[in-house]
Amino acid sequence: MRPRKYGDAGQAFPIYITVVAGLLFLAFAYLAVGQAAATRNGAQTAADAAALAVAQDRRDQLAGKWLENVLNPDLWQDIFDGKVQGLDPSCWRAHQLAADNDAHVVGGCPTEWYPELSYTVEVKTNEPVGDSIVPGTEETYATATAKAVIKPRCAFLLPDEDNGNNEDLPQLNCRDKNWEHLDPDDPLRDLPGPEDLFDVHLAD
C-alpha cells in the first residue's frame, strides 16, 4: 500500500502548483487594480488642487477690485458677479498645482469667466500606471477633471436716490458678518477680505 500512498502525493502536487499559481495571479491582479486606483486618485487630487487654485486666485483678484471700488457701490454687483475687465490670467495657478501633484493640465481652464464664476480643469498624470500583469498599463496614464466655483457671500442695498442720503456706503450683509459704515480711508477699520466676500468650493 505504500507505493500507492506516494502515487497519491504525486497526483496532488500538480493541483497544489495550480492553486498556488492561481493565488499568485489573483495577488498580482489585485496589485494591478491598486496601482490603477492609486494613479486615478493622484490624478483627481491634482485636478481638484488645480481647479481650486485657479478659483482662489480669481477670487483674490475680484476682492481686490472690490476694495479698489469700495467708494463706488454701483459697481459692486458686477464685481460680485465676476463681470470685471482687466483681471490677470489665473490659469498659471492650475499648471503650478498640477505640477506639484505630478501631473499636467491638458484641458479646460478658460481665460473668460462669464457667465459663470467657475473654472474646469482637466489634468493627466506624468507617470503611467506602471508594469503589471494587465497588458498595456505601462503606457496607461490617468486623467481627471475638476470644477471649482466662486460664489458671492454678500448682499447689499443701494441707497435710495430720492431720500437725499447718499453719502454713506451701503451696509454689506455677508453670510457670517455684516459691515456697516465702511471706510477704506480708516486703517483701523476692519474691511472684508477675499474669504469674507466669496466662497470657493469644488462642484460636482
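# Close-up views of a predicted model

**View 1. Overall layout of the chain.** From the N terminus on, the elements run α-α-α-β-β-β-β-β-β-α-β. The model shown is predicted. Its secondary structure comes to four helices and seven strands. Buried residues make up 31% of the 204 residues in the chain. Among contacts with a separation of 6 or more, 60% are between residues 24 or more positions apart.

**View 2. The four-stranded sheet.** Four strands form an open sheet in the order E1-E2-E3-E7, with antiparallel pairing. Which strands stand at the edges? E1 and strand E7 (198-203) do, each with a single partner strand, so one side of each is left without a neighbour in the sheet. From one strand to the next, the twist averages 30 degrees.

**View 3. Pairing of E1 with E2.** E1 and E2 run antiparallel and are joined by five bridges. Within this pair, Val-105 stands opposite Val-123 in E2. Val-123 also belongs to the largest nonpolar core, where it is among the residues that touch the most other members. In a regular strand the side chains alternate between the two faces of the sheet.

**View 4. Pairing of E2 with E3.** How many bridges pair E2 and E3? There are seven, in the antiparallel sense. Tyr-119 stands opposite Ala-148 in E3. Lys-124 has Thr-143 in E3 as its bridge partner.

**View 5. Val-200 in strand E7.** Val-200 lies in strand E7. The C-alpha atoms of Val-200 and Ala-148 are separated by 6.8 Å, although the two residues are 52 residues apart along the chain. Neighbours within four places in sequence aside, Val-200 is in contact with Leu-52, Ala-55, Gln-56, Arg-59, Val-149 and Ile-150.

**View 6. The largest nonpolar core.** This core has 40 residues. Which of them touch the most other members? They are Trp-66, Trp-76, Phe-80, Val-121, Val-123, Leu-172 and Leu-197. At least two core residues each come from helix H1 (2-68), helix H2 (76-80), helix H3 (91-100), strand E1 (103-108), strand E2 (118-125), strand E3 (143-152) and strand E5 (172-174). H1 gives the largest share, 10 residues. In soluble globular proteins, nonpolar side chains tend to be buried together.

**View 7. Surroundings of Trp-76.** Trp-76 is one of the core residues that touch the most other members. Which residues is Trp-76 in contact with, leaving aside its neighbours within four places in sequence? The list is Trp-66, Asn-69, Val-70, Phe-156, Pro-170, Leu-172 and Leu-182.

View 8. H3 lies across E1 and E2. The helix runs at about 145 degrees to E1. Its buried residues are Cys-91, Ala-94, Leu-97 and Ala-98. They cover an arc of only 120 degrees around the axis, which puts them on the same side of H3. After H3 comes Asp-102, whose phi is positive, near 60 degrees.

**View 9. The disulfide of Cys-91 and Cys-109.** The whole structure holds two disulfides. One joins Cys-91 to Cys-109, with 1.9 Å from S to S. This link is left-handed, at -130 degrees about the S-S bond. Cys-91 lies in helix H3 and Cys-109 in the loop between E1 and E2, so the pair ties together parts that are 18 residues apart in sequence. Are Cys-91 and Cys-109 buried or exposed? Both are buried.

**View 10. The disulfide of Cys-154 and Cys-174.** Cys-154 and Cys-174 form a disulfide, and their sulfur atoms are 1.9 Å apart. The link is right-handed, with 95 degrees about the S-S bond. It connects distant parts of the chain: Cys-154 in strand E4 (residues 154-155) and Cys-174 in strand E5, 20 residues apart. Cys-154 is buried, because its relative accessible area of 11% falls under the 20% cut-off. Cys-174 is buried too, at 9%. Counting bonded cysteines along the chain, the disulfides follow the pattern 1-2, 3-4.

Key: Residues are numbered from 1 along each chain as its sequence is written. This is a predicted model: local features need pLDDT of at least 70, side-chain atom pairs count only at pLDDT 80 or more; totals for chains, interfaces and linings use all residues. Side-chain values use heavy atoms; hydrogens and water are left out. A nonpolar core is a set of buried Ala, Val, Leu, Ile, Met, Phe, Trp, Tyr and Cys residues joined through side-chain atoms within 4.5 Å. Buried means under 20% relative accessible area, exposed over 50%, partly exposed in between (1.4 Å probe, protein chains only). Contact means heavy atoms within 4.5 Å. Two strands pair if DSSP finds at least two bridges between them. A disulfide is a pair of cysteine sulfur atoms within 2.5 Å. Axes are lines fitted to C-alpha atoms, for helices over the stretch in contact, and angles run from 0 to 180 degrees between N-to-C directions. The arc is that of the directions from the helix axis to the C-beta atoms.
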